[in-house]
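Okay, thanks for coming, everyone.

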Amino acid sequence: MTLISLMGDLRWPARSLDLAPDYFLWGYVKSLVYNDRPRTLAHLKNKIRQAVANITVDMLEGVGRNFRVRLTQCIENNGRHLPDMIFKTV
């Protein structure tokens, strides 16, 4: 896949989870939002607000640290998928 950026075209794998810092956070928020299956849009929005409010500074700092580690690993691995990811290349 090629991404278009201000610096020109960049080759990057589609839907790469290796560099998705919010992948953990989305799972966390989703688990809180859908634990009681909101039935209305208002209820859904309220659950999202509550879930986001429950994200702690420590959690965000951990996500940031993990993201920096993954960036370094990606550079060291020449842009290939990281070895500890579920979706490995052969």
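So, what percentage of the 90 residues of the chain count as buried? It's 19%, where buried is under 20% relative accessible area, exposed is over 50%, and partly exposed is in between, with a 1.4 Å probe and protein chains only.

Some housekeeping. This is a predicted model, where local features need pLDDT of at least 70 and side-chain atom pairs count only at pLDDT 80 or more, while totals for chains, interfaces and linings use all residues. Residues are numbered from 1 along each chain as its sequence is written, and side-chain values use heavy atoms, with hydrogens and water left out.

Now the layout. We've got 3 helices and 2 strands, in the order β-β-α-α-α along the sequence. Those are DSSP runs numbered from the N terminus: helices are H or I with at least four residues, strands are E with at least two.

Let's look at the inside. The largest nonpolar core has 7 residues: Leu 25, Val 29, Val 33, Ala 51, Ile 55, Met 59 and Val 63. By nonpolar core I mean buried Ala, Val, Leu, Ile, Met, Phe, Trp, Tyr and Cys residues joined through side-chain atoms within 4.5 Å. H1 and H3 are the elements giving two or more residues to this core, and H1 gives the most, with 3 residues. Take Leu 25: leaving aside neighbours within four places in sequence, Leu 25 is in contact with Ile 55, Met 59, Leu 60 and Val 63. Contact here is heavy atoms within 4.5 Å.

On to H3, residues 57-76. That helix has 20 residues and reaches 29 Å from its first C-alpha to its last, close to the 28 Å expected at 1.5 Å a residue; the expected span is 1.5 Å times one less than the number of residues. Met 59, Val 63, Arg 70 and Cys 74 are buried in H3. They sit on the same side of H3, because they cover an arc of only 50 degrees around the axis, taken from the directions from the helix axis to the C-beta atoms. Helix H1 (23-33) is part of what covers them. The face turned away from the buried side carries exposed Val 57, Asp 58, Arg 68, Ile 75 and Glu 76.

Last stop, Lys 47, in helix H2 (residues 41-53). Is Lys 47 buried or exposed? Buried, with a relative accessible area of 12%. Beyond its neighbours within four places in sequence, Lys 47 contacts Leu 32, Val 33, Asn 35, Asp 36 and Pro 38.
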